Amino acid sequence: MSVHAIDHPLVQHKLGLMREAGISTKSFRELAGEVAKLLTYEATQDLELQDYDIDGWSGETITVKQLKGKKVTIVPILRAGLGMLEGVTDLIPSARVSVVGLYRDEETLEPVPYFSKFANDLDERMAVVIDPMLATGGSMVATLDMLRDRGCQLMRVIVLVAAPEGIRRVQEAYPDIEIYTASVDERLDENGYIVPGLGDAGDKIFGTR
Ligand SMILES: O=P(O)(O)OC[C@H]1O[C@H](OP(=O)(O)OP(=O)(O)O)[C@H](O)[C@@H]1O
Ligand SMILES: O=c1cc[nH]c(=O)[nH]1
Ligand SMILES: [Mg+2]
């Protein structure tokens, strides 16, 4: 597995704005979408292309390129993953969306599933799981398990911020997965929150803090 920490200046600038205490719901939501879009650009750099011929504007037949690889399903983990969805589908507009509802029990930090609805033909698709936060990794591994149990063989992960603990947990369960993130942060605090992190990303995106 590789962890791709994207140090593009626009990503780092926007992530810095997201870390500010007291940021408004509007700003946090907008920035989450913008960073998600930039991370998607990076996470799709290795998609395969193939040539095909078209009639060009001058009347000549010209050879252009189109995406060749597998079909894609985007998998937001509710709720906070929804804050990244529009940014991702802006770049991959034909992707099917599979939705996984999980919340993290505040005491045990274990993921509690409450909803799922998957695209069909998961065995033919690359799944791109999106969630702003990879903390203990419990929610991400539970989601990857659901996809794998339904036949999905190719999965990658886009998170805004990752903790080393969560990366390790995903790495142990899924050694081949690629993780794209704007930052690998320092650690988890005693409540399982990422430090320096973003705080509770779901609450900030939905304005429920
Ligand atoms: O890596 P983990 O330790 O599992 O923690 C990360 C999860 O916690 C947050 O969701 P939360 O449970 O707060 O749900 P929400 O999106 O509804 O706010 C976050 O969006 C991840 O899904
Ligand atoms: O730092 C964290 C950890 C889990 N969930 C969040 O929203 N933030
Ligand atoms: Mg939350």
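Reader: Two strands pair if DSSP finds at least two bridges between them; which residue stands opposite Arg-104 in β7?

Author: Pro-111 in β7 stands opposite Arg-104. This is a predicted model, in which local features need pLDDT of at least 70 and side-chain atom pairs count only at pLDDT 80 or more, while totals for chains, interfaces and linings use all residues. Residues are numbered from 1 along each chain as its sequence is written, with chains lettered from A and ligands numbered from 1 in the order in which they are written.

Reader: In which sense do β6 and β7 pair, and over how many bridges?

Author: Strand β7 covers residues 111-117, and its pairing with β6 is antiparallel over six bridges. The two strands form a hairpin with six residues between them. In the turn, Leu-109 has a positive phi of about 65°.

Reader: And what is the sense of pairing between β4 and β6?

Author: Parallel: β4 (residues 71-78) and β6 (residues 99-104) are joined over two bridges. Ile-77 is placed opposite Val-100 in β6.

Reader: How many helices and strands does the protein chain have?

Author: The protein chain has six helices and 12 strands, counted as DSSP runs (H or I, at least four residues, for helices; E, at least two, for strands) and numbered from the N terminus. Its C-alpha atoms fill a box of roughly 65 × 35 × 30 Å along the principal axes.

Reader: Changing topic, which residues are around ligand 2?

Author: Among them are Ala-80, Met-133, Ala-135, Tyr-193, Ile-194 and Asp-200, each with a C-beta atom, placed from the backbone, within 6 Å of the ligand. The glycines Gly-192, Gly-197 and Gly-202 also belong to this shell.

Reader: Where is Ala-135, and is it buried or exposed?

Author: Ala-135 lies in the loop between β8 (125-134) and α4 (138-149). Ala-135 is buried, since 26 other C-beta atoms lie within 10 Å; the class needs 20 or more, against 12 or fewer for exposed and a count in between for partly exposed.

Reader: What is Ala-135 in contact with?

Author: Leaving aside neighbours within four places in sequence, Ala-135 is in contact (C-beta atoms within 7 Å) with Ala-163, Gly-166, Leu-188, Gly-192, Tyr-193 and Ile-194.

Reader: Why does Thr-136 count as buried?

Author: Thr-136 counts as buried because it has 20 C-beta neighbours inside 10 Å. Thr-136 is likewise found in the loop between β8 and α4. Not counting residues up to four places away in sequence, Thr-136 touches Leu-109, Glu-165, Gly-166, Arg-169, Leu-188 and Gly-192. Leu-109 is the hairpin turn residue with the positive phi.

Technical notes. Pairing = 2+ DSSP bridges. Contact = placed C-beta atoms within 7 Å.
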